[in-house]
Amino acid sequence: MVYASPTMNAPGFGVKSTLPWMMAVAVFAAVGSLSDRVLAQQRPAARAADSGALDTIQIRQNVWVIFGAGGNVTVHVGEDGVILVDSGSEAMAEKTLEAVRAITRAPIRMIINTSADPEHVGGNDKVGVVGVPINPDNFTDEERATVLAHENVLQRMSAPKDRNEKPAPTAMWPTETFTSRYRSFYVNDDAVQVIRQLGAVSDGDVIVHFRRADVIATGDIVDLRRFPVIDPAKGGSIQGELEALNRLLDLTVPPMPLVLKPGRTLVVPGHGRISDYGELVDYRDMVTTIKDIIEDMVKKGMSLEQVKAANPTAGYRKRYGSDTGPWTTDMFVEAIYNGLKGAKPAGKTE
């Protein structure tokens, strides 16, 4: 990510435009995307021989990311075993397990779910069943890895509010839940913080921060393929999304002032490539800009159709937008509009 972005001096960025800062930005712009170079130097993990193997990249000495499993799967390895952030989709569970085994033969001890989305929890059963609990006191006749999530994830998987959805199989449910702002523990010689960030994409969002490794897994709060999915029917909101992105920026350390060195916080989004502070700033500013434009239109009394016709995502639509698929640009605009108006989305019920 090139740090010479016009958004860096935008209101709310929190850094004054001093000469040393601008010189550092200019140097970083000159050398190109250092984060891309850093990530390109990471060693790929061993892959299965067949062409259907998932892509796996090592981003820290003991942290890997598996791509193509549905959602990104973060793998944290150490003397205590394997900690996974998300388990991918059910259809890709076997491939996910193969990818983990290509990294290490250590036991899978815990799966942390960032939401109840099927692309993040679908492998809980097949991947978790080969593991053992992180807490020795929880060992039973049917040993399996601990699955940790926010309480709302369990509620949504066991008793979905949408009448058209069926409960997930019980073997996929979290085995351990929490409701506090933080769930912190120490494992693999690393301090791990699972941070509640409800109401962004859904009512079960969490961020996972591996403090020693300096890696943050964001779940779908960050999705570099598209505009963030904000589903009011599942508790999501534009206000919550922006709060989550700003919270992530508080936790993420940029490579300043020594911009030519590889040190930085690495961000693993729910989908898409590994990123860092600069790209996260761009993503946050994109969401903020579109929200501010739509908010101004709402204040002028414009209808939803008028707002859509005015194309408030201009400038970002080509990079993040889509006119087809499960999450379109119009759906993103509608979610923001309804959130700002305080209206319920059409066709949705409590």
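The model is predicted, so local features need pLDDT of at least 70 and side-chain atom pairs count only at pLDDT 80 or more, while totals for chains, interfaces and linings use all residues. Residues are numbered from 1 along each chain as its sequence is written, and side-chain values use heavy atoms, with hydrogens and water left out.

Starting with the overall picture, the protein has eleven helices and twelve strands. Both are DSSP runs numbered from the N terminus, with helices being H or I of at least four residues and strands being E of at least two. Of the 350 residues, 53% are buried. Here buried means under 20% relative accessible area, exposed means over 50%, and partly exposed is in between (1.4 Å probe, protein chains only). Among contacts between residues at least 6 apart in sequence, 62% join residues at least 24 apart, where contact means heavy atoms within 4.5 Å.

The strands come next. Seven of them form an open sheet in the order β1-β2-β3-β4-β5-β6-β7, with mixed pairing. Two strands pair if DSSP finds at least two bridges between them. At the edges sit β1 (55–60) and β7 (176–178), each pairing on one side only. Direction ignored, neighbouring strands of this sheet are turned by 20 degrees against each other on average. For this and the other angles, axes are lines fitted to C-alpha atoms (for helices, over the stretch in contact), and angles run from 0 to 180 degrees between N-to-C directions.

Within that sheet, β4 is worth a look from both sides. Strand β3 (residues 73–78) and strand β4 (residues 81–85) form a hairpin with two residues between them, and their antiparallel pairing runs over five bridges. With β5, β4 pairs in the parallel sense over four bridges, and Ile83 stands opposite Met110 in β5. Five of the five residues of β4 are buried, so this strand is largely enclosed by the rest of the structure.

Helix α3 (residues 93–103) covers β1, β2 (63–67), β3, β4 and β5 (108–112), and runs at about 150 degrees to β2. Helix α6 (residues 151–158) lies across β6 (146–150) and β7, running at about 100 degrees to β6.

A further open sheet has five strands in the order β8-β9-β10-β11-β12, again with mixed pairing. Its edges are β8 (182–187) and β12; each has a single partner strand, so one side of each is left without a neighbour in the sheet. From one strand to the next, the twist averages 20 degrees. Strand β9 (residues 190–196) and strand β10 (residues 206–210) run antiparallel and are joined by five bridges, with Ile207 in β10 as the bridge partner of Ile195.

Helix α7 (residues 238–251) lies across β8, β9, β10 and β11 (215–223), at about 160 degrees to β11. Ala244 is part of α7 and is buried, with a relative accessible area of 0%. Leaving aside neighbours within four places in sequence, Ala244 is in contact with Gln197, Ala200, Ile207 and Ile221. Ala244 and Asp205 are 39 residues apart in sequence, yet their C-alpha atoms are 9.2 Å apart in space.

Not counting residues up to four places away in sequence, Ser275 touches Leu224, Thr265, Leu266 and Val267.

Helix α8 (residues 277–299) and helix α11 (residues 329–341) pack at an angle of about 55 degrees, with axes 10 Å apart. The two are therefore oblique to each other; on this scale, angles under 35 degrees count as roughly parallel, over 145 as roughly antiparallel, 65 to 115 as roughly perpendicular and the rest as oblique. α8 passes α11 in a right-handed crossing, meaning that the near helix is turned clockwise from the far one by less than a right angle, with anticlockwise giving a left-handed crossing. On the α8 side, Ile290, Lys291, Ile294, Glu295 and Val298 meet Phe332, Val333, Ile336, Tyr337, Leu340 and Lys341 in α11. By class, this contact has eight nonpolar, no polar and three charged residues. Ala, Val, Leu, Ile, Met, Phe, Trp, Tyr, Cys and Pro count as nonpolar, Asp, Glu, Lys and Arg as charged, and the others, Gly among them, as polar.
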